[in-house]
Amino acid sequence: MYRSRQKFNLLSRIIYFQSFFLFFIVGFLVWTYGLIGYIGGMAVALSLTVLVFFIYDKAIFRFHANLCAVKGLIKEGIPLSLIVMLAAISTIVDRYVVGYYFGVEAAGFYGVSVLFFSAMMILPTLLAQFYYPKIANNYGKKNKDGFLKVYQEHRNISTIVSLAIVLLLLISSQVIISYLLVDYKPARFVISISIISGFIASLIIPRSNLLLVLGLHKERIAIFIITIASNLLVSVYLVHFGYWIEGVAAGTAFSYIVMSILVRRVQKNANIL
């Protein structure tokens with residue numbers, strides 16, 4: 001809603017709050033309580049984010065009944081809701097594999113790598129929030145040149161930013177593990193894999209936004225289902241071959257590579273750069 005109204009200042013503040021809550025609250029609770037801390041921390045962080053929404057804009061919590069509009073919203077909203085649900089599952093399926101096969105302690109180690117993955121995604125996600133309404137606006141006006149120009153600008157800037165962040169995180173994560181989070185040294189390699197996974201995922205964001213603007217909902221649903229399945233299959237396969245949580249991290253990285261290939265293929269079939 002805020003993107004469509006181009007209220008980027010308000011949207012960026014809320015995203016900053018959400019990122020802050022996720023990084024520090026979830027990070028502290030994972031460090032202290034492992035998997036249970038992660039689950040509880042996510043609940044607390046997201047609840048605080050909703051509270052921030054309420055403080056900044058109480059109007060979005062007011063209920064207005066419009067039956068004519070509801071029919072259209074349901075028709076458009078069901079596939080979008082399914083996409084959101086599948087996207088959420090795709091980001092947590094690896095954590096459930098770790099919890100199921102290796103228990104709470106390993107989930108705590110893996111949770112630290114998830115924090116670095118989240119850090120990798122913050123700025124690319126903010127860029128997507130900024131560019132999406134501009135791309136949609138030009139597409140709605142049938143301004144193909146403007147539409148492609150904004151999309152290419154988003155893709156190029158996001159790639160440069162992602163490259164800078166991945167290099168920074170790959171270096172700084174090793175320093176942090178060596179001197180601040182010494183107890184998490186066994187997760188050093190896993191953290192690096194998760195950062196690379198975040199880098200691959202960040203490169204997908206502009207193309208995924210493009211598919212959303214084009215209304216290719218069925219294709220996006222299929223992509224998420226294949227991504228989740230590939231993550232599960234490869235992760236479980238590597239676990240059974242004796243790999244620890246790095247096998248799950250590698251399976252997750254592989255699934256993002258699969259997603260990247262599929263998104264590019266759908267984009268090519270839509271005759272868009």
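Predicted model: local features only at pLDDT ≥ 70, side-chain atom pairs only at ≥ 80, totals over all residues.
**Stop one: the largest core.** Start by selecting Ile135, Phe147, Tyr256 and Met259. These residues have the most contacts inside the largest nonpolar core, which has 31 residues. Now colour helix H3 (67-140), helix H4 (144-179), helix H5 (188-213), helix H6 (217-240) and helix H7 (245-269), as each of them supplies at least two residues of this core. Keep H3 highlighted for a moment: the largest share of the core, nine residues, comes from this helix.

**Stop two: around Met259.** Zoom in on Met259 and show its neighbours. Leaving out residues up to four places away in sequence, Met259 touches Ile204, Ile223, Phe224 and Thr227.

Next, select Tyr110, Val166, Leu169 and Val239. They are among the 28 residues of another core, which lies apart from the largest one.

**Stop four: the largest cavity.** How many cavities of 30 Å³ or more are there? The count comes to two, and the largest holds about 90 Å³ of space. To find the largest cavity, select its lining: Ser90, Thr91, Asp94, Arg95, Tyr110, Val114, Phe117, Ser194, Ser197, Ala249, Thr252 and Tyr256. Colour by helix and you will see that H3, H5 and H7 each supply at least two of the lining residues. H3 gives the most, with seven. Then colour by residue class: the lining has five nonpolar, five polar and two charged residues.

Methods: Residues numbered from 1 in each chain as written. Heavy atoms only, no water. Core = buried A, V, L, I, M, F, W, Y, C linked by side-chain atoms within 4.5 Å. Buried < 20%, exposed > 50% of the residue type's maximum accessible area, 1.4 Å probe, protein only. Helix = DSSP H or I, 4+ residues; strand = E, 2+ residues; numbered from the N terminus. Contact = heavy atoms within 4.5 Å. 1 Å grid on protein atoms, 1.4 Å probe; cavity = no way out; pocket = protein on both sides within 12 Å on 5 of 7 lines; lining within 4 Å. Points joined across faces, edges and corners; volume = space filled by probe spheres on them. Nonpolar A, V, L, I, M, F, W, Y, C, P; charged D, E, K, R; others polar.
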